[in-house]
Amino acid sequence: MNCPSVVYCKPEATREEELSTDILVVGGGLGGLAVALELKKYGYEPRVVYVGRLGGHHILGDAPRFSDDVDVEAFINKASGLDVSQGFFDGMYLYSGGVRYRIRYRHLVLATGGVDVPITFPGGHKATQKTAEEVLAEPPTGRRIVVWGTTEWGLRTALTLRSRGNDVVVLDNSATLRDTKYFEKVRGKIDFPIITAVRVREFQKGALVLEVVTGKRENEVRRLEADLIVSAVRLVNPYVPVKLGFKVYYSFELSSLVPRRSNYGELLIVDDRGKAVGGSNVYATGHLYGAVRERHIVEHAKLLAKYIAAKDGVESLDNVKDALDKFLVMLTVEANWLYNLSNRLERGTDGTGRYVEPNVIDVPFWASYWPQIEEAGEVIVCPCDNTPIERVLREIKQLNKLKELKVKITHEETDLLRQMKLPRLSFGEGVCAESVCLTYASIMLGALLSQKPSYFLYGKPEMLYGEVS
C-alpha cells in the first residue's frame, strides 16, 4: 500500500480474503486509540487500522499542545495491547499487507480525523507548497517559510518550524486569530509576525503578493519572500461516511462537510429531505466528531465506548446518560460552539429534525478570498490531480447550455443560480483523490457560486422548492 501521507493513499493488493471482527476502528490517532482502549475494558477485541503515523498529527512538532493533561505518547504505548495494523478502509474493503479484505463487523468506529489541505490562490499550484503534516515529518532548517492558518495547529506548526532555525511568518484570511486561547498560552514563545485579514493575489518569482485589509480606503499591498508555503488548514475527512451512503452537510464551525450524528457519535440515517429517521452501527469520534482539543477527544471516546457497550447490554444505559450529561456540560463550559453544533447535528436546526446548512461565503483554504471568474480560472479546485476551477465552470456551462456564467451575484440572480444544474464531482481516479477532493471541491464551488456544498453531491433537496408537502 503506497501511502506517503494520510491524503495520498493508493491501496495495492495481490489477493482477496474474508475478515470478520466485532469492532473495526478506522484511525490510529488519539481518538481511535482512546476508543479502542476503552472498548477493550468491556471485553471487546477491537481491530484498529490506520494510515500514516500511530498517534496521528498530535505527535508531530515540538510546540506545546493545548491540553497538557493528555499524554498522547502514553496512549501510543498502551496500544501495544491492541490489534493495531496499518491499513486503508474504503467503506467496503480493508487494504493491508498487500491483501484486500472484504471485512464484516458488528460496529464500525470512524476516527479518521482531519486532513491538511493546500491553500488555493492564483499561481498557487505552481508554488513550493506543503501541508503542515508533510513538513513536520521532516522539518527543514534555514528556510523562509509562510504558514497559513492561526488555529492551534497553525501556531503549533509555526512554533516548531521557528525552533528549527527558519524565518517564519503566519498568515490568515480571518480578520482575527482563529484560536485566541492557544495564542494566549504560547504568546511568550512567539517571535515571528502574524498577519490577519490577508488576501493572496498571486505567487510569483519566489514571493507572495499580499493584499492586507487595514480598514482604510485602500488595502495595503505587500510582497513576502518565501521558499516554502505551509498550509495548516484541516478539513474533516468524510470519505468513508459518503462511501457508506451517509449524507454529509456543511458546518461553518468546522469549515467542512460532516455527517449527521447523535451526541454519542452514532451516525444517523436521513431521508431525502435531510431529516433523521434512525441510527446505525457506524460511529464517529475524534476530529471527525468535531472536537479539536485533545481532552474533548479522549472524553468523547470514553462516552462512545460506553454507548456501544450499552447497545450490546454490557453497560447500564443510565450510566451512559450520566456520562453524556457530564460530557455536554464540559462542552458548554469549554467549547460552546461544539456543544451547539452537536445539538444541531443530532436534533436538526431549531429542533426541526432537518439540518439546514448555510450557503458558503468564505473558506479558510481559499486564500485569494472570493475571486471572480477571470481571476479564478487557474485556481486549483482539486489538489490531487490539479483540476482548475475553469474546467468545472466549463462543464456547468455545457450542462446548462449557457452562453456565459456570471459569478458576481445580485439578489435578483440568486434564485436563478440556485436552479442551475451542477456536474457531479468525479475528479481524479481512485481513492487517492476522493478522500480530500470530495470535501475540498464541494466547499470551494459552494463559495464561488453561493451554493450549499451538499448540492454538488446530492442535488438540491426538493423540500426547498415547495415540491414536497
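Predicted model: local features only at pLDDT ≥ 70, side-chain atom pairs only at ≥ 80, totals over all residues.
What does R100 touch, once residues up to four places away in sequence are set aside? The list is A13, R15, E16, E17, Y93, L94 and Y95. Take A13 from that list: R100 and A13 are 87 residues apart along the chain, yet their C-alpha atoms are separated by 5.5 Å. Another partner, E16, has a side chain joined to the side chain of R100 by a polar contact of 2.6 Å.

**The chain as a whole**

Now step back from R100. The chain has 469 residues, and buried residues make up 55% of them. Its secondary structure comes to 14 helices and 23 strands. If you consider contacts between residues at least 6 apart in sequence, 67% of them join residues at least 24 apart.

The largest nonpolar core has 70 residues, and V35, F75, F89, V109, L110 and I308 are the ones that touch the most other members. Helix α7, residues 294-311, supplies the largest share of this core, with 10 residues. To see one member up close, pick F75: beyond its neighbours within four places in sequence, F75 is in contact with L30, L33, A34, L37, V70 and V298. A separate core lies apart from this one; it has 53 residues, including W148, F365, I443 and L457.

**A pair of helices**

Two packed helices are described by the angle between their axes and the distance between the axes. Helix α8 (residues 317-334) and helix α9 (residues 336-347) have axes that come within 5 Å and cross at roughly 130°. Is that arrangement oblique or roughly antiparallel? Angles over 145 degrees count as roughly antiparallel and 65 to 115 as roughly perpendicular, so α8 is oblique to α9.

Where the helices meet, α8 brings L328, L331, T332 and E334, while α9 brings N336, L338, Y339 and S342. Sorted by kind, the residues of this contact are 4 nonpolar, 3 polar and 1 charged.

**Two residues tucked inside helices**

T439 sits in helix α13, which spans residues 431-449. With a relative accessible area of 1%, T439 falls under the 20% limit and is therefore buried. Leaving out its neighbours within four places in sequence, T439 is in contact with L235, V236, P238, S256 and L257.

I396 belongs to helix α11, residues 389-400. Its relative accessible area is 0%, so I396 is buried too. Setting aside residues up to four places away in sequence, I396 touches L405, M420, K421, L422, P423 and L449. I396 and M420 are 24 residues apart along the chain, and their C-alpha atoms are separated by 8.3 Å.

**A residue in a strand**

Which strand holds Q129? Q129 lies in strand β8, residues 129-131. Beyond its neighbours within four places in sequence, Q129 is in contact with P118, I119, F121, G124, I229 and S231. With I119 there is a further detail to look for: the side chain of Q129 reaches the backbone nitrogen of I119 at 2.8 Å. The C-alpha atoms of Q129 and V147, which are 18 residues apart along the chain, are separated by 10.0 Å.

**Two loop residues with a positive phi**

K205 is not a glycine, but it has a positive phi of about 50°. You can find K205 in the loop between β12 (198-204) and β13 (207-212). D350, not a glycine either, has a positive phi of about 55°. D350 belongs to the loop between α9 and α10 (373-376). Are these residues buried or exposed? K205 counts as exposed at 84% relative accessibility, and D350 is exposed with a relative accessible area of 76%.

Here are the accessibility values of the residues we visited:

| Residue | Relative accessible area | Class |
|---|---|---|
| T439 | 1% | buried |
| I396 | 0% | buried |
| K205 | 84% | exposed |
| D350 | 76% | exposed |

Terms used: Residues numbered from 1 in each chain as written. Heavy atoms only, no water. Contact = heavy atoms within 4.5 Å. Polar contact = N/O pair within 3.5 Å; in protein donor to acceptor, adjacent residues only side chain to side chain. Core = buried A, V, L, I, M, F, W, Y, C linked by side-chain atoms within 4.5 Å. Buried < 20%, exposed > 50% of the residue type's maximum accessible area, 1.4 Å probe, protein only. Helix = DSSP H or I, 4+ residues; strand = E, 2+ residues; numbered from the N terminus. Axes fitted to C-alpha atoms, helices over the stretch in contact; angles between N-to-C directions. Parallel < 35°, antiparallel > 145°, perpendicular 65-115°, else oblique. Nonpolar A, V, L, I, M, F, W, Y, C, P; charged D, E, K, R; others polar.
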